[in-house]
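Subject: Handover of a two-chain model

Dear colleague,

Please find the structure below, passed on for your own work. My notes on it come after the coordinates.

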Amino acid sequence: MENEKHHIVPYMTHIMVLLGLILLTVITVLITSVELGAYNTAAAMLIASLKGAVVLLYFMHLKFDHKIYWIMVSLVIAIFTAVIVVTFFDYLYR
Amino acid sequence: METVTHTHPADAHRDDTASKIGMWLFIFTEILLFGGLFIVYSVYRYMNPVAFHLAHEELSITMGFINTIILLVSSATVAISISAMQKNDRRTTMLMLVATLILAAVFLVNKYFEWGGKFEHGLYPGSDLMKSLSNGDMLFFSLYFFMTGLHGVHIIIGMVLLAITLAKVRSGRVNGGSYALLENSGLYWHLVDLIWIFLFPLFYLIH
C-alpha cells in the first residue's frame with residue numbers, strides 16, 4: 001500500500017522493551033516466594049497480562065500500526081474475558 | 001509499452017494490509033484455542049487447589065525461567081529484524097533471524113531435557129505412574145504435557161516459517177519494499193512468546 005506510512009521502530013526501543021519484560025519476569029518469580037495468600041495468583045496474572053500487553057503493543061506493532069488492528073485485538077480480548085467471567089460465575093455460584 | 005506494464009506482474013495484486021489482517025484473524029483462532037485450554041486449566045485448578053500446588057513442585061522454576069528469557073530475547077530479535085528490513089539492512093535482518101532460530105532450538109533442547117526427566121521417572125501421558133495418581137495430580141500433568149506440547153508444536157511451526165522467511169530474505173524475494181512475509185512470520189513468533197508468558201506462571205509459579 002502506497003499511502004500507508006511505515007513507522008520504523010528504533011532498535012533501542014526493542015532493547016528497552018526486552019529489558020522491561022525480563023525485569024517483570026524476575027519480579028513475578030520473586031513474588032512467588034512472598035506470602036500474599038490469594039493475591040499471589042492475582043499478582044502473577046496481573047504481571048503476565050502486563051507483559052502480554054507490552055508484547056502486543058511494541059513487538060506486535062499495535063501501537064504504531066493502523067488502528068484497525070488494535071480494535072480487532074481489543075474485541076477478541078473482550079470476548080475472551082467475558083467467557084472467563086461467565087465461566088467463573090457459573091463455578092462460584094453453583 | 002508492453003514490457004513496461006509487465007515488469008512486475010507478481011506485484012499486480014499485492015495488498016500487504018489485507019495479508020496482515022488475514023494473519024491477525026488466524027492469530028485470533030490461535031488465541032481462542034489456547035484460551036479454551038487456559039479456561040479448562042483455571043476451572044480444574046479452582047477445583048483441585050492443593051493437588052495443583054503439590055504437583056507443580058515437580059517442575060523446575062529455573063528451567064521455566066531460562067526458557068521464558070530465551071523466548072523474550074528471541075521475540076526482540078524478530079522485532080529488530082523487521083526494523084532492519086524497513087531500513088533495507090539485509091545483513092542485520094538475516095543475522096537477527098538466524099539468532100531467533102538458534103534461540104528457538106535452545107528452547108526445544110531445554111524442553112527435551114525437561115520432558116525427558118519426567119519420562120525417566122515414568123511420568124508421561126498414559127503411563128502406569130500417571131494412572132496411579134490422584135485426580136488433581138493427573139489433571140495437572142495431563143494439562144502440563146498437553147499445553148506445553150501444543151506450544152512446542154507452535155515453536156516448530158514458527159521455526160519453519162522463520163526459516164522460509166530467512167531463505168527469501170537471502171534470495172531477495174523479501175526485501176525493504178516487500179516484507180509482508182517477514183512481518184507475518186514475526187507476528188506468529190510473538191504469539192508463541194505471548195502464550196508462553198501465560199503458561200510460565202500458571203504451571204511453574206503456583207504459590
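Residues are numbered from 1 along each chain as its sequence is written, while chains are lettered from A and ligands numbered from 1 in the order in which they are written. This is a predicted model, in which local features need pLDDT of at least 70 and side-chain atom pairs count only at pLDDT 80 or more, whereas totals for chains, interfaces and linings use all residues.

Confidence

The model scores ipTM 0.91 and pTM 0.91. By pLDDT (the predictor's confidence in each residue, from 0 to 100), chain A has a mean of 90, with 95% of its residues at 70 or more. Chain B averages 92, and 94% of its residues score at least 70. Within chain A, helix α1 (residues 11-32) has the highest confidence, at a mean of 96, and helix α3 (residues 67-92) the lowest, at 94. In chain B, pLDDT stays under 50 over residues 1-7, and the model has 0 contacts beyond four places in sequence for them. Where pLDDT is low, the predicted coordinates should not be read in detail.

The chains

Helices and strands are DSSP runs numbered from the N terminus (helices H or I, at least four residues; strands E, at least two). Chain A comes to 3 helices and 0 strands, running α-α-α from the N terminus on. The radius of gyration of chain A, taken over C-alpha atoms, is 17 Å, well over the 12 Å that the globule rule (2.2 Å times the number of residues to the power 0.38) gives for 94 residues, so chain A is more spread out than a compact globule. The C-alpha trace of chain A spans about 55 × 30 × 10 Å along its principal axes.

Chain B has 8 helices and 0 strands. Its C-alpha trace spans about 75 × 30 × 30 Å along the principal axes.

For burial I count other C-beta atoms, placed from the backbone, within 10 Å of a residue's own: buried is 20 or more, exposed 12 or fewer, and partly exposed in between. On that basis, buried residues make up 19% of the 94 residues in chain A and 35% of the 207 residues in chain B.

Two residues are in contact if their C-beta atoms, placed from the backbone, lie within 7 Å. Among contacts in chain B between residues at least 6 apart in sequence, 76% join residues at least 24 apart.

Where the chains meet

In the model, 33 residues of chain A are in contact with 33 residues of chain B. On the side of chain A that touches chain B, the elements giving two or more residues are α1, α2 and α3 of chain A. The most comes from α1(A), with 10 residues. By class, this side of chain A has 22 nonpolar, 9 polar and 2 charged residues; here Ala, Val, Leu, Ile, Met, Phe, Trp, Tyr, Cys and Pro count as nonpolar, Asp, Glu, Lys and Arg as charged, and the others, Gly among them, as polar.

The nonpolar core

A nonpolar core is a set of buried Ala, Val, Leu, Ile, Met, Phe, Trp, Tyr and Cys residues joined through C-beta atoms within 7 Å. The largest has 63 residues, and those with the most contacts inside it are F140(B), I195(B), W196(B), I197(B) and L199(B). Both chains take part: the elements that give two or more residues to this core are α1 and α2 of chain A together with α2 (16-47), α3 (49-56), α4, α5, α7 (135-171) and α8 (180-204) of chain B. With 15 residues, α8(B) gives the most. Not counting residues up to four places away in sequence, I195(B) touches F34(B) and H151(B).

Helix α2 of chain B

The 32 residues of α2(B) reach 46 Å from first C-alpha to last, close to the 46 Å expected at 1.5 Å a residue (1.5 Å times one less than the number of residues). Among the buried residues of α2(B) are K20(B), G35(B) and R45(B). What covers the buried residues of α2(B) includes α3 of chain A together with α3, α7 and α8 of chain B.

Two backbone angles

H61(A), in the loop between α2 (39-59) and α3 of chain A, has a positive phi of about 65° although it is not a glycine. H61(A) is buried, with 22 other C-beta atoms within 10 Å. N88(B) likewise has a positive phi of about 65° without being a glycine, and lies in the loop between α4 (61-86) and α5 (90-120) of chain B. N88(B) counts as exposed, with 11 C-beta neighbours inside 10 Å.

With kind regards
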